[in-house]
Amino acid sequence: MDILLEPDRDHERWRALLGERLARGLPGARLRRREEIEDATAVAAAVVWRPAPDFCAALPNLRCVMALGAGVEDLVSLLPAGMPLTRVVDRQLTDSMTEYVLLHVLRYHRNQPAHAADQQHRTWQPRGYPPARERTVGILGMGVLGTDAAARLVALGFRVLGWSRARKHVPGVESLCGPDGLDVLLGQSHVVVCLLPLTAETADILDARAFARMRRGAYLINAARGAHVVDEDLIAALDAGQLAGATLDVFRQEPLPPAHPFWAHPRVTMTPHVASLTDPASVADQICENLRRLHAGEPLLHQVDRALGY
Ligand code: NDP
Ligand code: OXD
């Protein structure tokens, strides 16, 4: 079986890590760059991240696409409806996202943006803060990433609300669902964290209406996808003081164009889509296990529900 390998970076590293595992577990499997494919009919699987949009058009016997990341909205819209699609679910990826969420929740909880501004002006200004239990953090999306971040925030003492389609039972987390649940979360949270997948239902979910429902002076952390946020509405909410600040890791267009107002906005903290990076060494085993399963005709791990889009 031939396997198309098209990551967006670290190609040689992926090839080495997958190659050595396949040599042991699936001898005969061959990893191929697009330009190395001699017989397109022999390609049964594609292991990809942000591939060229037409990557599967000339692969008539493709049986599965394995994404090298967690959010798969691009592939969901690109692939034929029946094509099995898997995504990454990985302890290291989850830990990295939780680090990002904790970093920025704590930064806001402990007034770090204000202290940083004070330092610029050589101003000694002690600023008080309430105990964590008096802060509410709302997590939009209680999946693999949201659940872990929520549990670690609970361990730090925060009050945590979690919003998902189905109700969840995570110790210490108040589970909310549906439009009413969303309004409760927005209305009560001091910090709202977006960890939703991007789907038709969740696109533009953080718009003027949502910001108006948030507590005055609340913060937003978006580490999911740029298209969850309506940029102009966020800027208007920040400028009006309705939101005190936003931390954004993801953007509608990446890299963010130099002229975009987020770059220079005093209440925006930006990172270049690094909240959680896939670690090839951590993820190679699950990709090889899925290739083995595909070969053996067994059910695949971490398969995306094509109808739901995540
Ligand atoms: P999961 O699929 O595990 O979880 C998604 C969660 O969102 C689920 O709880 C789901 O509810 C909920 N959800 C989906 N649609 C709705 C809806 N319409 N209303 C309410 N809740 C909804 O995803 P992950 O936790 O693994 O990842 C989340 C996202 O994080 C990814 O899709 C990706 O976009 C982003 N990401 C960003 C990274 C970065 O570096 N910035 C890195 C990795 C991921 P239910 O449980 O009921 O189905
Ligand atoms: C992902 C990402 O979804 O890197 O894995 O954004």
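Visitor: Does H190 count as buried or exposed?
Guide: First, this is a predicted model, where local features need pLDDT of at least 70, side-chain atom pairs count only at pLDDT 80 or more, and totals for chains, interfaces and linings use all residues. The cut-offs are under 20% relative accessible area for buried, over 50% for exposed and partly exposed in between, using a 1.4 Å probe and protein chains only. H190 has 19% relative accessibility, so H190 counts as buried.

Visitor: In which loop is the place of H190?
Guide: Residues are numbered from 1 along each chain as its sequence is written, chains are lettered from A and ligands numbered from 1 in the order in which they are written, and side-chain values use heavy atoms, with hydrogens and water left out. Helices (H or I, at least four residues) and strands (E, at least two) are DSSP runs, numbered from the N terminus. On that numbering, H190 belongs to the loop between α6 (178–188) and β9 (191–194).

Visitor: Leaving aside neighbours within four places in sequence, which residues is H190 in contact with?
Guide: Contact here means heavy atoms within 4.5 Å. Once the neighbours within four places are set aside, the list for H190 is E134, R135, T136, R215, A218 and Y219.

Visitor: What is the order of the seven strands in the open sheet?
Guide: Two strands pair if DSSP finds at least two bridges between them. Here the pairing is parallel, and the edge strands, each pairing on one side only, are β8 (173–177) and β12 (268–270). Neighbouring strands are turned by 15° against each other on average, direction ignored. The order is β8-β7-β6-β9-β10-β11-β12.

Visitor: In β11, which residue is the bridge partner of I221?
Guide: β10 and β11 run parallel and are joined by five bridges. β11 is mostly covered too, with five of its six residues buried. Across from I221, the partner in β11 is T247.

Visitor: And on the β9 side, which residue in β10 is the bridge partner of V192?
Guide: β9 and β10 also run parallel, with four bridges joining them. The β10 partner of V192 is L220.

Visitor: At about what angle does helix α8 run to β11?
Guide: Axes are lines fitted to C-alpha atoms, for helices over the stretch in contact, and angles run from 0 to 180 degrees between N-to-C directions. Helix α8 (residues 231–239) lies across β10, β11 (243–248) and β12. Its angle to β11 is about 140°.

Visitor: At roughly what angle do the axes of α1 and α9 cross?
Guide: Two packed helices are described by the angle between their axes and the distance between the axes. The axes of α1 (residues 11–25) and α9 (residues 280–296) come within 9 Å. Angles under 35 degrees count as roughly parallel, over 145 as roughly antiparallel, 65 to 115 as roughly perpendicular and the rest as oblique. α1 and α9 are therefore oblique to each other, crossing at roughly 45°.

Visitor: By class, how many nonpolar, polar and charged residues has the contact of α3 with α5?
Guide: Helix α3 (residues 91–109) and helix α5 (residues 144–155) pack at about 50° with their axes 9 Å apart, which makes α3 oblique to α5. Residues that meet include M97 and V101 in α3 and V144 and L153 in α5. Ala, Val, Leu, Ile, Met, Phe, Trp, Tyr, Cys and Pro count as nonpolar, Asp, Glu, Lys and Arg as charged, and the others, Gly among them, as polar. The tally is nine nonpolar, two polar and four charged.

Visitor: What relative accessibility has T94?
Guide: T94 lies in helix α3. Beyond its neighbours within four places in sequence, T94 is in contact with V144, L145 and D148. T94 counts as buried, with a relative accessibility of 5%.
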